[in-house]
Amino acid sequence: LSRKLSSSACINQSIKNVVVIGGGLMGSGIAQVAAQSGQNVTIVDLDRKVVEKAQNAINTSLQRVAKKLFKDDLAKADKFLTNSMSRLMLSTNPEEAVGQSDLVVEAIVEKLRIKQNLFKTLDTVAPTHTIFASNTSSLPIGEIAEATQRKDRFVGLHFFNPVPVMKLLEVIRIPETSDDTYNRVMDWGKSVGKQTVTCKDTPGFIVNRLLVPYMMESVRLLERGDATARDIDTAMKLGAGYPMGPFELLDYVGLDTSKFIIEGWAEKFPENPLFKPVPTLNRLVEEGKLGMKTGEGFYKYQKK
Ligand code: 3HC
């Protein structure tokens, strides 16, 4: 009976306490949008330096957001920044951090076993009502959820880089996801200022399933010598209205990340020509040219 009561009690309960596991680019962005929307957020990483770096990155990004929101009202901008930062807590202990959570969003390394081990541990210590979510861009949500006893409270929440700017949130339902869980995360997505779309647990969901093959086709076009990278980028920006061309986007996302995604799919669907290896991409990654983050990918960048 107590179980029944506790599960019905969570219906319509809104999400106020969020734990984000992983202090990288995506984790910091997710933590930021929750904190700036008035929620209490704990950002967790085993490495103290990573959480501190995340805190600094959030502070810098919040200043850009504040400038945009409040233009010349310095006092309001300052208040927004201080309030948002005051809702952000740092932790290096995931088990301790999830104790008071309503939602846990995982944004750690893209390794199935590591994600499964994390969720398996958290499942035993998180409150019953807590929803678990993964921000994975290429692994099946169902396989990650397998490690837990709460598949009904498990979803994919896929954000886009840069999280504070990109307005989309893909919500991935697995067959076991309950309506209550689904409704709560859809509401939460709106509460952090995102437009939500729903997708089944299919490789790449919506955006990456279209975007990654498109970027790979661009590299193949270049490899055939049909056009230069610069002209392909210009064509897609001015002819199709994309904010970045495919090579700029590859450099922005990271060549290693794109290679990792396509290789994972190729392993699962070897007959699909869209997922075939792309030699130029593989060569650049081998040479350590991973895009903006290393100072060179398809283009060269000034190191910051
Ligand atoms: N934090 C806060 N604000 C930021 C920001 C950040 N990290 N980055 C940019 N902004 C703001 C700027 O302050 C600026 O605001 P303003 O218009 O008021 O001045 C605005 O965003 C535009 O930024 P910039 O002027 O610096 O540069 P651009 O106009 O060139 O925009 C961009 C940059 C938003 C990155 C744009 O080029 C873009 O939308 N590119 C495509 C990004 C994309 O496709 N992302 C998805 C990648 S796939 C993915 O993430 C999935 C994963 O699974 C692989």
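The model is predicted: local features need pLDDT of at least 70, side-chain atom pairs count only at pLDDT 80 or more, and totals for chains, interfaces and linings use all residues. Residues are numbered from 1 along each chain as its sequence is written.

**Exercise 1.** Locate Asp45 and list its contacts.

*Solution.* Step 1: Asp45 sits in the loop between β2 (40–44) and α3 (48–70). Helices (H or I, at least four residues) and strands (E, at least two) are DSSP runs, numbered from the N terminus. Step 2: not counting residues up to four places away in sequence, Asp45 touches Gly22, Gly23, Val50, Val51 and Thr92. Contact here means C-beta atoms, placed from the backbone, within 7 Å.

**Exercise 2.** Is Gly22 buried or exposed, and where is its place?

*Solution.* Step 1: Gly22 lies in the loop between β1 (17–21) and α2 (25–36). Step 2: Gly22 has 26 C-beta neighbours inside 10 Å, so it counts as buried.

**Exercise 3.** Classify Ser61 and Lys68 as buried, partly exposed or exposed.

*Solution.* Step 1: Ser61 is in helix α3, and Lys68 is found in helix α3. Step 2: Ser61 has 19 other C-beta atoms within 10 Å, so it is partly exposed. Step 3: Lys68 has 11 C-beta neighbours inside 10 Å and therefore counts as exposed. Step 4: leaving aside neighbours within four places in sequence, Ser61 is in contact with Gln32 and Pro164.

Methods:
A residue is buried if 20 or more other C-beta atoms lie within 10 Å of its own, exposed if 12 or fewer, and partly exposed in between; C-beta atoms are placed from the backbone. Two residues are in contact if their C-beta atoms, placed from the backbone, lie within 7 Å.
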